[in-house]
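Visitor: Good morning. Could you take me through this structure, one topic at a time?

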Amino acid sequence: MNQSSLTTSAITLLRVILGFLFAAHGWQKFNEFTIAGTQAAFAKMGVPAAEVTAPAVAGLELAGGIALILGILTRVVAALLALDMLGALFLVHAQAGVFAEAGGYELVLLLAAAALALALTGAGRISVDRAVFGRKNSRLAVLA
């Protein structure tokens with residue numbers, strides 16, 4: 001395999017797995033915890049404007065995860081998801097230290113870093129972004 005094929009495979013694998021994990025977390029907020037439960041949990045954790053933040057975060061994670069899986073507006077969605085995770089890190093997890101078992105930030109930091117990597121690289125060759133925006137003369141080629 002040449003470097004280009006390996007890079008394509010790596011970006012696609014990262015995008016699909018990260019998208020799955022974000023979609024799962026968004027789905028959980030809607031269906032297992034419910035939006036009302038997520039709002040209450042966010043308020044208890046000190047997240048500002050929890051009544052607005054909770055449904056926005058749940059929607060971003062669910063729709064954004066699906067968008068990442070498909071490679072749709074990957075740079076924009078990944079940047080928003082990175083900000084989402086940085087917010088979770090600083091607002092909720094930082095004071096608990098590194099390790100997730102104690103409520104720490106290791107998972108949200110890893111998710112933020114992976115999302116930021118996709119925001120910087122884009123969706124890669126195997127994506128809707130590449131199919132739609134990938135023409136060299138396209139003004140929107142930066143999205144591919």
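Guide: Let us begin with a definition: axes are lines fitted to C-alpha atoms, for helices over the stretch in contact, and angles run from 0 to 180 degrees between N-to-C directions. Helices are DSSP runs (H or I, at least four residues), numbered from the N terminus. This is a predicted model, in which local features need pLDDT of at least 70 and side-chain atom pairs count only at pLDDT 80 or more, while totals for chains, interfaces and linings use all residues. Residues are numbered from 1 along each chain as its sequence is written, and side-chain values use heavy atoms, with hydrogens and water left out.

Visitor: At what angle do helix α4 and helix α5 pack?

Guide: Helix α4 (residues 74-93) and helix α5 (residues 106-121) pack at about 155 degrees, and their axes are 8 Å apart. The two helices are therefore roughly antiparallel, a term for angles over 145 degrees.

Visitor: Which residues of α4 and α5 make the contact?

Guide: Contact means heavy atoms within 4.5 Å. From α4 the contributors include T74, L81, M85 and H93, and from α5 they include V108, L111, A115 and T121. By class, this contact has 17 nonpolar, three polar and one charged residues. Here Ala, Val, Leu, Ile, Met, Phe, Trp, Tyr, Cys and Pro count as nonpolar, Asp, Glu, Lys and Arg as charged, and the others, Gly among them, as polar.

Visitor: Which residues of α4 are buried?

Guide: Buried means under 20% relative accessible area, exposed over 50%, and partly exposed in between, with a 1.4 Å probe and protein chains only. The buried residues of α4 are T74, V77, A78, L81, A82, D84, M85, A88, L89 and V92. They lie on the same side of α4, because they cover an arc of only 155 degrees around the axis; the arc is that of the directions from the helix axis to the C-beta atoms.

Visitor: And what is exposed on the other side of α4?

Guide: L83 and F90 are exposed there. The buried residues, in turn, pack against α1, α2 (35-45), α3 (50-70), α5 and α6 (128-133).

Visitor: New topic: where is L62, and what does L62 touch?

Guide: L62 is in helix α3 and counts as partly exposed, at 22% relative accessibility. Leaving out residues up to four places away in sequence, L62 touches F22, A23, G26, W27 and F30. L62 and A23 are 39 residues apart in sequence, yet their C-alpha atoms are 4.0 Å apart.

Visitor: Finally, is T8 buried or exposed?

Guide: T8, in helix α1 (residues 3-31), is buried, with a relative accessible area of 12%. Beyond its neighbours within four places in sequence, T8 is in contact with R125 and I126.

Note on methods:
Parallel < 35°, antiparallel > 145°, perpendicular 65-115°, else oblique.
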